[in-house]
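Dear colleague,

Please find below the structure that I am handing over to you, together with its sequence. My findings follow directly after it.

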Amino acid sequence: MSNSLAVNKFSPEREDDFETHSPVKPERNLLAAVLARAICDAFGTAHCERHVVRSARQWLFGTLTPKQEFSFSWVATHLDLDPVTLQESLRSYESHPEQIQERLALLR
């Protein structure tokens, strides 16, 4: 491949085109990471300070505010997840902690 082709292939003008057609969206990955971190903080076995666990659980189980950016329900909706169903699933893990540990291992 010539240098001119390599330069044109990765030029800033083509970057926008690449992001439009790319199956991976960095913004979606960020939201997934935010949700995963909250779940790990709320249910993980790693030692976390109490206020971190409490804050994560408040974010996960608080009032659903889908129009508030970066709220739990806003994040879930942008990840094509139903926030109510997701909250119910997460609540069920409190009575079955071994299930959440298996699933958290998949996030690592």
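Does Phe 72 count as buried or exposed, and what is its relative accessibility? In this predicted model, Phe 72 has a relative accessibility of 3%, which is under the 20% cut-off, and therefore counts as buried.

Aromatic pairs

The structure contains three aromatic pairs. In one of them, the ring centres of Trp 59 and Phe 72 lie 5.6 Å apart with the planes at 90°, so this pair is edge-to-face. Because Trp 59 belongs to helix H4 and Phe 72 to helix H5 (residues 72-78), the pair ties together parts that are 13 residues apart in sequence. Trp 59, at 23% relative accessibility, counts as partly exposed.

Another pair is formed by Phe 70 and Trp 74: the centres are 4.8 Å apart and the planes stand at 45°, so the pair is tilted. Phe 70 is partly exposed, at 45% relative accessible area, whereas Trp 74 is buried, at 15%.

Helix packing

Helix H4 (residues 50-61) and helix H6 (residues 83-95) have axes that come within 10 Å and cross at roughly 140°; the two helices are therefore oblique to each other. On the H4 side, the contact is made by Arg 57, Leu 60 and Phe 61, and on the H6 side by Gln 87, Leu 90, Arg 91 and Glu 94. These residues comprise three nonpolar, one polar and three charged.

Helix H3

Helix H3 (residues 26-43) has 18 residues and spans 26 Å between its first and last C-alpha, close to the expected 26 Å. Its buried residues include Leu 31, Leu 35, Ile 39 and Phe 43.

Yours sincerely

Note on methods:
Residues numbered from 1 in each chain as written. Predicted model: local features only at pLDDT ≥ 70, side-chain atom pairs only at ≥ 80, totals over all residues. Heavy atoms only, no water. Helix = DSSP H or I, 4+ residues; strand = E, 2+ residues; numbered from the N terminus. Expected span 1.5 Å × (residues − 1). Buried < 20%, exposed > 50% of the residue type's maximum accessible area, 1.4 Å probe, protein only. Axes fitted to C-alpha atoms, helices over the stretch in contact; angles between N-to-C directions. Parallel < 35°, antiparallel > 145°, perpendicular 65-115°, else oblique. Contact = heavy atoms within 4.5 Å. Nonpolar A, V, L, I, M, F, W, Y, C, P; charged D, E, K, R; others polar. Phe/Tyr/Trp six-rings, centres within 6.5 Å; stacked < 30°, edge-to-face > 60°.
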